[in-house]
Amino acid sequence: MVTLPAHSLWLIGGMLCLALGTLIPEPSIPALGIAAIITAIATIGVPSPLAQMILWGVLSFTLASFMRSLMPKEAKTLKHDTEAWVRTAIPAGGMGLVIYEGTLWQACCQLPDVAIAIQQRVYVVGRQRNTLLVIPANYPDLNISDRLSSS
């Protein structure tokens, strides 16, 4: 059986983590790979496998923490009284498209029994992932401040 030197194992592991990091949008995975590559370089002066593992663990934790801090944070709130325009009709209980801040978004009506016609103005009252929650601007019993304060 052929045994590879320690630095080769660290390099292979690091490259595999970097390749996996291109497929999975999680900053910790490339951090593990970068730490493994740095550890591969350090094996020249650090022959102890235990010391290499400790070095890799410390580097992985530090790099993963740093890379996570660089990730953009998801906005938790939208501005109140935000208007959008219906691009494709939103059927009752269904999905449609709206133009919001110059971009096309999926949207559904927060009132499940209300359909919204094309070119109608709506208020954006929330968001679930990449879908906006809207209510028609001309809804008869619409009190926008009451609905927005309860969201």
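1. Exposed here means over 50% relative accessible area, buried under 20%, and partly exposed in between (1.4 Å probe, protein chains only). This is a predicted model, in which local features need pLDDT of at least 70, side-chain atom pairs count only at pLDDT 80 or more, and totals for chains, interfaces and linings use all residues. Residues are numbered from 1 along each chain as its sequence is written, and side-chain values use heavy atoms, with hydrogens and water left out.

2. Helix α1, buried side. W10, G14 and G21 are the buried residues of α1. Seen down the helix axis, they fall within an arc of 35°, so they line one face of α1. The arc is taken over the directions from the helix axis to the C-beta atoms. These residues pack against α2 and α3; contact means heavy atoms within 4.5 Å. α1 has 18 residues and reaches 26 Å from its first C-alpha to its last, close to the 26 Å expected at 1.5 Å a residue. The expected span is 1.5 Å times one less than the number of residues.

3. Helix α3. This helix covers residues 49-70, 22 residues in all, and its C-alpha span of 31 Å from first to last is close to the expected 32 Å. Q52, L59, S60 and A64 are its buried residues. Down the axis of α3 they fall within an arc of 135°, so they line one face. They pack against α1 (6-23) and α2 (28-42).

4. Overall layout. The protein has 4 helices and 5 strands. From the N terminus, the order is α-α-α-β-β-β-β-β-α. Helices (H or I, at least four residues) and strands (E, at least two) are DSSP runs, numbered from the N terminus. Of the 151 residues, 31% count as buried. Among contacts with a separation of 6 or more, 46% join residues 24 or more positions apart. The accessible surface comes to about 9,800 Å², and 66% of that belongs to carbon and sulfur atoms. Areas come from the Shrake-Rupley method with a 1.4 Å probe.

5. Nonpolar core. The largest core has 20 residues, and I90, V98, I116, V122, L132 and V134 have the most contacts inside it. Two or more residues come from each of β1 (82-88), β2 (95-100), β3 (103-109), β4 (121-128) and β5 (131-136). A nonpolar core is a set of buried Ala, Val, Leu, Ile, Met, Phe, Trp, Tyr and Cys residues joined through side-chain atoms within 4.5 Å. V134 is worth a look: not counting residues up to four places away in sequence, its contacts include I90, C109, I116 and V122.

6. Cysteines. A search of the whole structure finds 0 disulfides, a disulfide being a pair of cysteine sulfur atoms within 2.5 Å. C109 is in none; the nearest cysteine sulfur, that of C108, is 7.7 Å away. C109 counts as buried, at 10% relative accessibility.

7. Positive phi. Most residues other than glycine have a negative phi. E101 has a positive phi of about 50°. E101 sits in the loop between β2 and β3 and is exposed, with a relative accessible area of 53%. Phi of Q119 is also positive, near 65°. Q119 lies in the loop between β3 and β4 and is exposed, at 56% relative accessible area.
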